[in-house]
Amino acid sequence: MKTPILVAALAVLAAGPALAQQARDQIRAVGSSTVFPFTTTVAENFARTSGMKAPIVESTGTGGGFRLFCAGVGTQHPDLSNASRAITKSEIETCTKNGVTAITEVKIGFDGIVLAVKKGAPKFDVTRQQVWLALARQVPKNGQLVANPHQRWSDIDPKLPNIAIEVMGPPPTSGTRDAFVEMVMDFGCKDFAEIKAIADSRARAQACAAIREDGKFIEAGENDNLIVQRLVAGQGVAIGIFGFSFLEENIDKLQAKHVDGVEPSFENISSGQYPVSRSMFVYVKNAHAGVIPGLREFVSEYVSDRSMGENGYLEKKGLIPLPKAEREKVRSSATNLTPMAM
Amino acid sequence: MTDASLAASPHTSPANASANANSVHMTDAARARLRRRYAADRRFRRVGLAAVLFGVSALGFLLFTILSNGFTAFRQTELRLDIVFSRDIIATDGKTDSRAIRAADWARLVRESLQAKFPDARDRRGSRLVEALVSPGAQGQLMDMVLADPSLIGQTRTVWVLAASDIDMIVKGHADRGVAEEARRVNDRQLAWMDALQKDGALRLAFNTRFLTGADSRYPELVGIWGGILGSLYTLAITLALAFPLGVMAAIYLEEFAPKNRFTDLIEVNINNLAAVPSIVFGLLGLAVFLNAFGMPRSAPLVGGCVLALMSLPIIIIAARAALRAVPPSIREAALGLGASRLQMVLHHVLPLAMPGILTGTILSMAHALGETAPLLMIGMVAFIVDIPSGPLDAATVLPVQIFMWADSPERGFVEKTSAAILVLLIFLLGMNAVAIWLRKRFERRW
């Protein structure tokens, strides 16, 4: 009774290698979880309007995405890589080494990182320097770096309210954390003489980026929804760090802090005034255009006005569009698949 | 023993009291010890009961939250609109082939139909707001209608279209319409339109068939769980087809035929060890072997099934060996004594008797495999997949992955869908366990 099943199972195993060279008629994208909602939205709309199969999008993180993307040319490797930062030099080197020599960079828009509290919590705004003083592992005191003694916001600046410091943010594996460290922590620390005095640049960067581990900063997992839920269920003391789209979706429950005096609004992020915002990219493997059906059309759909333009469907998902002139530039290089300089 | 039975026990009954008055069991110290022992007994039972009650209430709370969050997902808000399938929009240059129909500006068609109903929405801002009442899925719905019947072009039809998720959330009470306007995703003008529709009877909550027949989407009102269910079914079918025969054969060989020596001990230790290895390790193994070495397709249930089969094998082997060991040796001896070969003894007598236990173990390990996401992450099954898989070689995802991805989405509408998907998963598990019980009852034999 079991023999036929066994034979079938062995046949399946034996057939495995033979499947390797089968053609792929579906676009594959990998990469950042921040860009994931946007690429998937385009994928769905592309499938509807073109009648082709919807691209498969995996959320692997920016770095993990490039590792897969740069692994080589051929149908077993992905065609697109989503990234919440620009591709790095070393990633380009990996790509080149594996024969991925022509890549088109498509800048799709901006994303803001917000610091928000539960609606109804006491209102106060912060500067990046204050945030660094609240969260750094070591802070300058009388000419030296000491373990962060700040327990309450008023310890940092008497003008801030007498509220315990409690911040929930993403863990180090998250791209949002990288961006937060780069844009808030690195900026917040740079004006202190004690930091400038560190000669070794690596030690200096480490002193800026290190976040305290005494329970004041809570790593709340990769899931931004969890941070939102914990903020709403809490007493209103905690501040959460997450992406702008989560603020927009929960605008009835949360209020955002102004950072350096700028409100994280759509307009302020788009104009670049809000300091904690980053660009998002999609990278296209040019060698796959014409091999994978629909790749060129998918990229055209991505950069079309109804998608990443003003009032496009990506804007409704929380993407902050590029200024018009830049959008035109991106569109022409994307539709022509103009490779980036490598 | 309860207090009453304690009182009635011979040690304390008056009849024996005098006879045993001098017994060592009746000294004050002995009575005190006895009381302490019975008190310890009662305490232990109370703690045990408390533990059970705690577990039951935790489960009850979980089920209550899931049910109360999830049951609304099975109904979806719809709006009744008079749609003008205008020739100017659908067939701009007179062409009505499917390509031209797909390329038409369906958003404009929906918008103009809404503006015909609400003439006050003709300004620039108003047209954006009114468009946001209706789900983007409506465009696809209308397009499919015209693709199926091009003669609709130029006509007007009354159609129930899906409402946008923001509207749906307000109708279901998941979003509060009482808060200040700037703190709402739906503003006062949109609320007024919504109320007008409701007054006309042009707003209803209809059964959400799409949830049971569709696949993933970025729009919470358009998602479906069928893609995940099918992916899980294909994956489990492969897992079962690989792990069950291999596991049972390995168990039979080890239990009935293998000589007992150092080598088989080593194998046994290894199998027990493998059963405790974290599942992500099997995912890494699958990535290295099935994807990189064999070059099998990414995201396919075939690969997922192979990985999960590796993961379930040790558990099935352990369960099957335990079941085989539980068959009394007398049955083996009787079979051998009547001249059966060892193989006949195993296949005709031992295996049928061990089958209920083997099946129970197998189904439990399948239920375990059904709930796995970590090993699938490595082989690309944690992905956004819109198309429903048509076979084990198509890209697919599974139920728990679907739950994980929806829980991770920012849109409010996904909260109820996540809970509803958990409900579906629980029903799936319940079904599998019911099958396990049925099989056990069917094959059970007494001796």
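## A hairpin in chain A

In β6(A), Gln144(A) is the bridge partner of Lys141(A). The structure is a predicted model, in which local features need pLDDT of at least 70 and side-chain atom pairs count only at pLDDT 80 or more, while totals for chains, interfaces and linings use all residues. Residues are numbered from 1 along each chain as its sequence is written, and chains are lettered from A and ligands numbered from 1 in the order in which they are written.

Strand β5 (residues 138–141) and strand β6 (residues 144–147) of chain A run antiparallel and are joined by 4 bridges. Strands here are DSSP runs of E with at least two residues, helices are runs of H or I with at least four residues, and both are numbered from the N terminus. Two strands pair if DSSP finds at least two bridges between them. β5(A) and β6(A) make a hairpin with 2 residues between them, and Asn142(A) in the turn has a positive phi of about 50°.

## Domains and confidence of chain A

Chain A is assigned domain 1 (24–111 + 278–335) and domain 2 (112–277); such bounds come from an automatic or database domain assignment. Taken over C-alpha atoms, the centres of domain 1 of chain A and domain 2 of chain A are separated by 30 Å. Domain 1 of chain A gives 13 residues to the contact and domain 2 of chain A gives 12 residues, where two residues are in contact if their C-beta atoms, placed from the backbone, lie within 7 Å. The side of domain 1 of chain A that touches domain 2 of chain A has 3 nonpolar, 7 polar and 3 charged residues. In these classes, Ala, Val, Leu, Ile, Met, Phe, Trp, Tyr, Cys and Pro count as nonpolar, Asp, Glu, Lys and Arg as charged, and the others, Gly among them, as polar.

The average pLDDT of chain A is 86, and 93% of the residues score at least 70; pLDDT is the predictor's confidence in each residue, from 0 to 100. Over residues 14–21 of chain A the pLDDT stays under 50, and the model has 11 contacts beyond four places in sequence for this stretch.

## Where the chains meet

The contact between the chains takes 41 residues from chain A and 39 residues from chain B. On the side of chain A that touches chain B, at least two residues each come from α1 (3–19), α2 (36–50), β2 (56–58), α10 (224–233) and α11 (244–249) of chain A. α2(A) supplies the largest share, 9 residues. By class, this side of chain A has 17 nonpolar, 14 polar and 10 charged residues.

Strand pairing also crosses between the chains: β2(A) and strand β4 (residues 383–384) of chain B run antiparallel, joined by 2 bridges. Opposite Val57(A) stands Phe384(B) in β4(B). For the model, ipTM is 0.81 and pTM is 0.82.

## The overall form of chain B

Chain B contains 20 helices and 4 strands. Its radius of gyration is 32 Å, well over the 22 Å that the globule rule gives for 447 residues, so chain B is more spread out than a compact globule. The radius is taken over C-alpha atoms, and the rule is 2.2 Å times the number of residues to the power 0.38. The C-alpha trace of chain B spans about 105 × 65 × 35 Å along its principal axes.

The assignment for chain B lists domain 1 (3–70), domain 2 (74–213) and domain 3 (226–443). Between the C-alpha centres of domain 1 of chain B and domain 3 of chain B the distance is 42 Å. Chain B has a mean pLDDT of 89, with 95% of its residues at 70 or more. Residues 1–10 of chain B have pLDDT below 50, and this stretch has 6 contacts in the model beyond near neighbours in sequence.

## A sheet in chain B

In chain B, 3 strands form an open antiparallel sheet in the order β2-β1-β3. β2 (156–162) and β3 (203–207) of chain B are the edge strands, each pairing on one side only.

Strand β1 (residues 75–84) of chain B is joined to β3(B) by 5 bridges, and the two run antiparallel. Leu205(B) in β3(B) is the bridge partner of Thr77(B).
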